[in-house]
Amino acid sequence: MDIPQIVHRFVDVDGVRVFYRSAGPDNTPVLLLLHGFPSASHQFRRLIDALGFRYRVIAPDYPGFGHTEVPADYRYSFEALADTVEGFVLAVGLRRFVMYAFDFGGPVGLRLATRHPEWIAGLVVQNANTYVEGLSEAARDLIANRPGVAGAEDNVRQILTLPVTRAQHEGGTTDPEHVSPDGWTLDQYFLEQPGREQAQIALALDYHTNVELYPTWQRWLREHQPPTLILWGRNDLFFPESGATAYLRDLPEAELHLLDTGHFALEETLPQVVPLISEFLDRAWAHGRIRIAVIGATGNLGGAVVREARARGHRVTVLGRANVDATDVDSIATRVAGHDAVVVAVKGGDRLVPRAAEAVLAALPKAGVDRLVFLGGGGSLECAPGQRFVDAPDFPPQYLETARDQGEALRLLRAAQTSVAWSYVSPPPVYLVPGDRTGRYRIEARDTPIVDEHGESRISVGDYASAVVDAIETNSFLRTRFTVGY
């Protein structure tokens, strides 16, 4: 019998002590569970038991919910919840995941998705509304409560009571005996903790901001077409089934299952939906995996890219001097055939870098590969209009030959008449420093360094590698140079 070991932890995110529960092996597909109102990560306990032996399953409590602890000055809004969950994702080191969005998990999760599309391997949407037609009259009445509306706070207080909490769990179910009283009892316990009433009032009065963002989220769905599984309790008091079918306008390939239950659909239909989620996770994870060949994978930067890509679940082929000649067209074409993208991270004497650029530009069309990310240097960035760092009199002489070769490779890429969708990535001209991935960095297409508030251009090797994989996943910065910095 497979029973997962669940761990219960806290992680600090900008002063918020976020509680989360997690299970599953690190090298398996990741499912991020985003809970709804008025619950917390405990609503997913049975789902974690069902999936956590085979997948990495992780569920945080939002500020104002469950066991998460917040400072007294935390200002509750859906933007703030998304900020905290974004920080949580970075703090626990998630790179790519399928996102389970339920109720409040919809507006929180879609804020994350629009900020970081590269994170999203797929969506499981369970009674998380994104369409105006998916709002019942009861939902519209609640959303009409906003700051400045007379009686709005009192209206919200009426839904924070035990009878309403219980009704959200049992309402719309086929058989209320399938619903454990533990869920609504624990929800109410947390609602009645000090400070929680005002937190929930603030969020309720802010809910209208989610409706205002519906067109933005719908556009994101249309443009990105994430693999999507829709599970919907069709008897939901707040989000009727019209909200589920509306997704098909923007996601015509989505898999839709209407369930004969209410808002908390997992309570009654877990045996039905676990196989659906499991099969979907396998498909979505395979769908999003990119086949990446890394030439120069045994070096410092090439190795970092390999580790980052593998951490995100991509299939990586490690190519070094032992199994590819980076200056030979046929050698490259043979080794990279069948891949979706190629990363080149080479350096050495005898003009190795520009010779590799010429060879790979010729080899990729022969191999049927059209995506290239070339790891270049920072010396070719401009320190003043029209003046490169490498041309400055104080440029370190020990790096001069390599920096000039890297600048020549950029010139060759820009001049090439090629079908290859290349990108050339420059680190900061000086401060590419050892360090892990933080996920907090800026990426821009430009010929000057990105600098921080102190005028310094700096990036860790881990974040530099992360930016490289970002560019591959989002298919961005095509036929141009980009750089990265804090």
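The structure is a predicted model, in which local features need pLDDT of at least 70 and side-chain atom pairs count only at pLDDT 80 or more, while totals for chains, interfaces and linings use all residues. Residues are numbered from 1 along each chain as its sequence is written, and side-chain values use heavy atoms, with hydrogens and water left out. The protein chain has 17 helices and 19 strands; these are DSSP runs numbered from the N terminus, helices being H or I with at least four residues and strands E with at least two.

**Overall dimensions and burial**

- Along the principal axes, the C-alpha atoms fill a box of roughly 75 × 45 × 40 Å.
- Of the 486 residues, 56% count as buried (buried means under 20% relative accessible area, exposed over 50%, partly exposed in between, with a 1.4 Å probe and protein chains only).
- The accessible surface comes to about 20200 Å², of which 50% belongs to carbon and sulfur atoms; the areas come from the Shrake-Rupley method with a 1.4 Å probe, and for residues only the protein chains shown count as cover.
- Among contacts with a separation of 6 or more, 77% link residues 24 or more positions apart (contact means heavy atoms within 4.5 Å).

- Strand S3 (residues 30–34) is mostly covered, with five of its five residues buried. Val 30, Leu 32 and Leu 34 point one way, and Leu 31 and Leu 33 the other way.
- In a regular strand the side chains alternate between the two faces of the sheet.
- S3 runs parallel to strand S4 (residues 56–60), to which three bridges join it; two strands pair if DSSP finds at least two bridges between them. Arg 56 in S4 is the bridge partner of Val 30.
- Together with helix H1 (residues 45–51), S3 and S4 make a right-handed β-α-β unit. A crossover is right-handed if, with the strands pointing away from the viewer, the path from the first strand over the helix to the second runs clockwise.
- S3 also pairs in the parallel sense with strand S5 (residues 97–102), over four bridges. Leu 32 has Met 99 as its bridge partner in S5, and Leu 33 has Tyr 100.
- In S5, six of its six residues are buried. Phe 97, Met 99 and Ala 101 point one way, whereas Val 98, Tyr 100 and Phe 102 point the other way.
- Six bridges connect S5 to strand S6 (residues 120–126) in the parallel sense, and Phe 102 stands opposite Gln 126 in S6. The chain crosses from S5 through helix H3 (residues 105–115) to S6 in a right-handed β-α-β crossover.

**Nonpolar cores**

- The largest nonpolar core has 96 residues, of which Leu 47, Phe 88, Tyr 100 and Ile 277 touch the most other members. Helix H12 (residues 265–288) supplies the largest share of this core, eleven residues.
- A nonpolar core is a set of buried Ala, Val, Leu, Ile, Met, Phe, Trp, Tyr and Cys residues joined through side-chain atoms within 4.5 Å.
- Not counting residues up to four places away in sequence, Ile 277 touches Leu 31, Leu 47, Leu 51, Tyr 100, Leu 229 and Leu 231.
- A second, separate core of 30 residues includes Ala 293, Ala 357, Leu 364 and Val 369.

- Eight of the eleven residues of helix H8 (residues 196–206) are buried, including Arg 196, Gln 200 and Asp 206.
- The buried residues of H8 pack against helices H2 (78–91), H5 (152–157), H7 (181–191) and H9 (208–212).
- Ala 138, in helix H4 (residues 137–143), is partly exposed at a relative accessible area of 29%.
- Leaving aside neighbours within four places in sequence, Ala 138 is in contact with Leu 237 and Phe 238. The C-alpha atoms of Ala 138 and Phe 238 are separated by 6.1 Å, although the residues lie 100 residues apart along the chain.

**Backbone features in loops**

- Most residues other than glycine have a negative phi, and most peptide bonds are trans.
- The peptide bond from Phe 37 to Pro 38 is cis, with omega near -5°; Pro 38 is placed in the loop between S3 and H1.
- Gln 225 has a positive phi near 45°. This residue lies in the loop between helix H10 (214–224) and strand S7 (228–233), and Gln 225 is partly exposed at 34%.
- Arg 351 has a positive phi of about 55°. Arg 351 is found in the loop between strand S11 (341–344) and helix H15 (352–367), and its relative accessibility of 39% counts as partly exposed.
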